[in-house]
Amino acid sequence: MGRRLLGLWWLVVVLFAAEALAAEETAVVVGGEPGPRRHAYAAMMYMGTPRDYEFYVATRVMMRSLRGLSAHADRVVIASLDVPPTWVQALKDDGVTVVSVDNLKNPYEKQENFNTRFKLTLNKLYAWTLVSYDRVVMLDSDNMFLQNTDELFQCGQFCAVFINPCIFHTGLFVLKPSMEVFKNMLHELGVGRKNPDGADQGFLTGYFPDLLDQPMFHPPVNGSKLDGNYRLPLGYQMDASYYYLKLRWSIPCGPNSVVTFPSAPWMKPWYWWSWPVLPLGLSWHEQRRELLGYSSEIPMALFQALLYIGVIAVNRLARPSLSKLCYNRRMEKNIMLSLTTLRVVAAWSILAAYIVPFFLIPRTVHPLLGWPLYLLGSFSLCSLVISVFILQPLAVLTIWFGLIGTLFVMACPWYMNGVVRALAVFAYAFFCAPVAWASLVKIMSSLQNLIERDAYRLGEPNQTVEFTKLY
């Protein structure tokens, strides 16, 4: 089984390495596009969060996807001055215009409900300083474009989508740049305009309070631009949760053009564990595979794979010696204390075998590479635990097999809708729970039998120890 797993993992690694090399070789470097553009798609980048690199990768993928959709507009990134020069150069090599700015001081960072990860999101206001453009579409990095959206440049001075029935979403909005508006916004920041969340979302919803009462945007067929503020159809900011309910898109408002992922930070689509937990995670990674590749993550993934294979090989060669680390020692007179200590150490070792590989894998690697690497890592560490504590392999690997089953249940493409999928996952977990509990009982029973056998073999007086009926 181990050899088949290793062979399958190496096949996946080779395929992704080839894809990464192909992406690097075929990436078209756009040094400058002919003629000045009147419009721009813009995003922002800043430093100071644990997820800076992930958002950098997401921004590059989004900007390359716009180029792939033949967007007739410049692509701009508003970057704070502390963004690494290598990242700035990579964006420029992609044909992106980088505008370096000082971070705007957030006057709301001391209010009670402030989340520190939103401290620098007010840099988004710099979009109003891009006065060389007639219209700008401001974007968050977690947008995934399904088709060209250049018709948005026909919208008015400010246009946004209402994902929430009463509050518009600032993950995508259209604006007409104006230094006068920008200076007025800075003034409002200075006087402490009310901001419920302390971020760009709260500030902009307060700055444009009457947007809900504005008409819906419909692009004029003659290509002319509108004046005033407008609501954008929901199809320009399709919350990914709408897809998970029916496992298909059915947004009747406007073209189904842009997917957004306004979920918890650790469930963004660029993380390898996002699929198959979230079905759309694979769509984002396929877009990255085609546009950017994974050349930056593959070396670390290969190193970890070799490390885990080495652990498996050493474990097979040194298995008899490893068991002596826990057994064949002079037992303590208090056999109950020895058994309790051994159980705790074994339980924590098994738990670590499943947790440690998860945090070592490069977070933005493709799921079809990340999950096999995780399974290989957890298998290698579990085999080490089995050898050290002389445990039954099937009992320790029950959770490992259960994880594989969970992945297949969640990744099954034949569910009618998201409700059926959720019920299937729940049913699988319900039937697997007794099996997992039985394996835990068997592990504890094995430890008890082994420690009593060692005590008997080493000549300890025969003691009758009454253990809890659970074991």
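**Ground rules.** I worked on a predicted model, in which local features need pLDDT of at least 70 and side-chain atom pairs count only at pLDDT 80 or more, while totals for chains, interfaces and linings use all residues. I number residues from 1 along each chain as its sequence is written, and my side-chain values use heavy atoms, with hydrogens and water left out.

**Cysteines.** I looked for disulfides, taking one to be a pair of cysteine sulfur atoms within 2.5 Å, and the count came to 1 disulfide. The link joins C155 and C159, whose sulfur atoms lie 2.0 Å apart, and with -105° about the S-S bond I noted it as left-handed. For accessibility I used a 1.4 Å probe on protein chains only, calling a residue buried under 20% relative accessible area, exposed over 50%, and partly exposed in between. On that scale C155 and C159 are both buried. I also looked up two further cysteines: C166 counts as exposed because its relative accessibility is 57%, whereas C382, with a relative accessible area of 0%, is buried.

**Salt bridges.** I searched the whole structure for salt bridges, each being a side-chain nitrogen of Lys or Arg within 4 Å of a carboxyl oxygen of Asp or Glu, and found 15 salt bridges. One of them pairs R363 with E54, with the closest N and O atoms 3.2 Å apart. R363 lies in the loop between helix 10 (335-360) and helix 11 (367-389), and E54 lies in helix 2 (residues 52-68), so this pair ties together parts that are 309 residues apart in sequence. (Helices, H or I with at least four residues, and strands, E with at least two, are DSSP runs numbered from the N terminus.) The accessibility of the two partners I recorded as well: R363 is partly exposed at 28%, while E54 is buried at 2%.

I then turned to the salt bridge of E109 with K105, where the closest N and O atoms are 3.5 Å apart. Here E109 is partly exposed at 28% relative accessibility, and K105 is exposed at 65%.

A further entry concerns D134 and K176, whose closest N and O atoms are 3.1 Å apart in their salt bridge. This pair links distant parts of the chain, since D134 sits in the loop between strand 3 (97-101) and strand 4 (135-139) and K176 in the loop between strand 7 (169-175) and helix 4 (179-191), 42 residues apart. I noted K176 as partly exposed, at 32% relative accessibility.

**Strand 4.** I counted two strands as paired if DSSP finds at least two bridges between them. Strand 1 (residues 39-45) runs parallel to strand 4 and is joined to it by 4 bridges, and within this pairing H39 has R135 as its bridge partner. With strand 7, strand 4 pairs in the antiparallel sense, over 4 bridges, and there I find L139 standing opposite L172 of strand 7.
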